Amino acid sequence: MGSLHKRLEEYAGSDYYPYHMPGHKRRLFGEALAPVAAWDITEIDGFDNLHDAKGILHRLQLRAAEVYGAEESFFLVNGSTSGILSAVSAALPKRGKLLMVRGSHKSVYHAAYLRSLEITYLLPGIHPEFGCMLAATAAQVEQALAEDADIGAVLIVSPTYEGLTAETAEIAKSVHRRGIPLIVDEAHGAHLGFHEGWQSNASRLGADLVIQSLHKTLPSLTQTAILHVNGGLIDRRKLKRFLEIYQSSSPSYIFMAGMEEAIEIAAEGAERLFGDFEKNWKEMLEILGGCKALRFLQEKNMDKGKLVIMDGTGSLSGKQLYDKLLNQYHLQLEMAAGRYALAMFTIGDTKEGYERLTKALLVIDSELERGHRSLDDGELHGRQGQWTCPEQRYPLYEAWDKETERVPLEKAVGRVAGGFIVPYPPDIPIVVPGEIITEEICHYLQECVKDGLTVQGMEEQNCQMYVEIIK
């Protein structure tokens with residue numbers, strides 16, 4: 001039991017009467033609240049204040065920094081989104097210039113909008129077979145910095161949603177030679193660095209600001225995350241100011257107690273938990289290596305835990321594969337894209353979890369092999385448009401405030417987008433406000449709809465898809 005959890009439990013069993021928020025007064029009015037309501041408190045005496053931490057929360061954050069090798073760490077109760085907003089806002093002045101990976105989470109774009117930033121994009125490219133975004137390389141960052149001396153900060157994503165990791169240490173050196181900060185969206189990497197079988201985390205690799213979603217890969221509640229800061233390139237007073245702005249003024253103590261325990265579980269049980277994880281992962285991959293029709297993304301810079309699955313015969317799209325596993329085998333995957341589906345594994349998975357998916361994939365593979373159909377180059381490479389960078393007519397901070405109208409998708413070609421168009425998951429924009437919608441983009445979005453993928457920023461009306469464009 002963590003120290004905050006213990007304190008909450010002791011307080012719940014005391015005779016202190018709550019003349020304060022929250023409104024349930026630690027009594028059990030609803031069944032959903034029953035297990036946790038007694039621990040759900042506000043910033044009362046003896047429990048510190050996240051936005052001015054000097055007591056128990058300060059100690060917990062110091063411990064988190066120690067575990068992750070950071071100089072300072074901050075609990076995030078509004079998810080990695082609040083950390084990314086705060087990091088970008090603190091790293092650059094208004095109208096500053098950000099070099100960012102095009103395939104960044106939409107929260108990076110939101111930060112650029114709020115701070116009126118100019119954006120220069122890193123285009124790492126896409127995987128030639130699976131069609132997923134590749135991770136940034138040091139050479140790409142070095143070239144971009146050499147071409148634009150006005151860049152004031154760099155933001156990369158590592159690991160990517162599909163588990164590909166960037167050359168973070170080399171990128172940090174390149175960025176620091178210019179005297180500017182490196183921000184790493186490590187939302188999918190809160191587990192990194194706990195075991196020798198895994199890569200190190202971005203804080204230990206030289207990044208100035210690192211944002212991790214604890215809930216994605218550690219045993220923590222949804223919406224819990226952490227931000228780490230290192231070095232002298234970030235004004236920490238400004239960072240704390242933005243954390244106050246973008247985070248709730250009523251942080252959940254249940255969240256924070258869970259965050260403490262998740263970090264301690266990973267740190268104290270690393271040898272056993274990550275050892276079992278690695279053993280089960282390798283055994284599964286060895287068995288799946290015998291598949292004839294199904295293909296699995298395997299690269300040197302691949303993080304353990306992300307199983308990217310593609311039907312190499314072209315019979316099943318990513319969504320069809322996803323649906324087959326869900327409906328026939330009751331296996332709920334993380335997401336589906338055009339060509340592939342993604343399953344995630346963590347220290348929380350059981351042996352049964354590995355075995356059920358392995359058996360299901362072996363059956364599917366045998367079915368596909370019997371009905372084999374060759375996948376031609378057109379099908380294999382036809383969906384690369386999602387990672388191209390459309391021409392920009394207006395900067396984001398201007399475009400998103402302009403008057404818009406809704407038009408059918410096919411009539412939007414050549415027009416300027418007035419809103420984001422974002423497949424979810426992974427919540428990475430295909431079109432950003434101010435960019436020109438091309439025929440290629442239109443075709444790709446039509447395919448997404450046809451495949452049954454969820455795309456935010458489009459609405460269906462009278463069997464037609466409408467998008468928002470600038471008048």
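S116, with a positive phi near 55°, follows helix 4. The model is predicted, so local features need pLDDT of at least 70 and side-chain atom pairs pLDDT 80 or more, while totals for chains, interfaces and linings use all residues. Residues are numbered from 1 along each chain as its sequence is written, and side-chain values use heavy atoms, with hydrogens and water left out.

Helices (H or I, at least four residues) and strands (E, at least two) are DSSP runs numbered from the N terminus. Helix 4 spans residues 106-114, and its buried residues are S107, V108, Y109, A111 and A112. Buried means under 20% relative accessible area, exposed over 50%, and partly exposed in between, with a 1.4 Å probe and protein chains only. These buried residues pack against helix 3, strand 2, strand 3, strand 4 and helix 14, where contact means heavy atoms within 4.5 Å.

The structure holds 23 salt bridges, each a side-chain nitrogen of Lys or Arg within 4 Å of a carboxyl oxygen of Asp or Glu. Three of them are tabulated.

| Pair | N to O distance |
|---|---|
| K106 and D427 | 3.7 Å |
| R177 and E142 | 3.3 Å |
| E278 and K304 | 3.7 Å |

K106 is partly exposed at 22% relative accessibility, whereas D427 is buried at 7%.

R177 is exposed, at 59%, and E142 is partly exposed, at 26%. Both E278 and K304 are buried. Elsewhere, a network of salt bridges links R63, E66, E264 and E268.
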